Amino acid sequence: MKLISTPLTVEAMHRLDIDESLPGDVEELYLANEDYSLLSNCGVFDTINLALGKMLDEYEDENIQGFADLNTSLNILGATFHNTQLEVVREIMRLNQLAIKNNTGLFFYF
């Protein structure tokens, strides 16, 4: 199973980094294999990777942090949702917005 996490505070982000998260530290989205395939096939990961120099891919752990990168990923996700209407994209957008609001990040465990 694939996981996307957004820490709710900067302190929670530090605990996530050292694998010592506490209950309530993160919002999580577990991706079923079907959802991961839909995301891969619509090209959203490739677009984010190209724009941000990331490696969102199978068997990779990656993160998006910082206001500029989070805004870029949110714009890419928004355009993807507009084109696909995939609910899973909307959920990732919600986590992205939460990361911007809390000055944390999006953490992908694929």
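Reader: Where is Asp19 placed?

Author: Asp19 is in the loop between helix 1 (10-17) and strand 2. Helices (H or I, at least four residues) and strands (E, at least two) are DSSP runs, numbered from the N terminus. The model is a predicted one, in which local features need pLDDT of at least 70 and side-chain atom pairs count only at pLDDT 80 or more, while totals for chains, interfaces and linings use all residues. Residues are numbered from 1 along each chain as its sequence is written, and side-chain values use heavy atoms, with hydrogens and water left out.

Reader: Why is Asp19 called exposed?

Author: Buried means under 20% relative accessible area, exposed over 50%, and partly exposed in between (1.4 Å probe, protein chains only). Asp19 has 72% relative accessibility, so Asp19 counts as exposed. Tyr59, in the loop between helix 3 and strand 3, has 70% and therefore counts as exposed.

Reader: What is the phi of Asp19, and what is that of Tyr59?

Author: Phi of Asp19 is near 60 degrees, a positive value in a residue other than glycine. For Tyr59, phi is near 65 degrees, again positive and again not in a glycine. Most residues other than glycine have a negative phi.

Reader: What makes Glu58 and Lys2 a salt bridge?

Author: A salt bridge is a side-chain nitrogen of Lys or Arg within 4 Å of a carboxyl oxygen of Asp or Glu. In the pair of Glu58 and Lys2, the closest N and O atoms are 2.7 Å apart, so the pair meets the rule. Lys2 has a relative accessibility of 8% and so counts as buried, whereas Glu58, at 27%, is partly exposed.

Reader: How do you know that Glu27 and Arg94 also form one?

Author: Their N to O distance is 3.4 Å, and the limit is the one already given. Glu27 is in strand 2 (residues 26-31) and Arg94 in helix 5 (residues 87-102), 67 residues apart, so this pair links distant parts of the chain. Glu27 has a relative accessible area of 30%, which makes it partly exposed; Arg94 is partly exposed at 34%. Glu27, Glu91 and Arg94 are linked in a network of salt bridges.

Reader: What separates Arg90 and Glu87 in helix 5?

Author: The two are three residues apart, so about one helical turn lies between them. Arg90 and Glu87 form a salt bridge, with the closest N and O atoms 3.2 Å apart. By the same rule the count comes to five salt bridges.

Reader: Why are strand 2 and strand 3 said to stand at the edges?

Author: Two strands pair if DSSP finds at least two bridges between them. Four strands form an open sheet in the order 2-1-4-3, with antiparallel pairing. Strand 2 and strand 3 each have a single partner strand, so one side of each is left without a neighbour in the sheet.

Reader: How many bridges join strand 3 to strand 4?

Author: Five bridges join strand 3 to strand 4 (residues 105-109), and the two run antiparallel. Asp61 stands opposite Tyr109 in strand 4.
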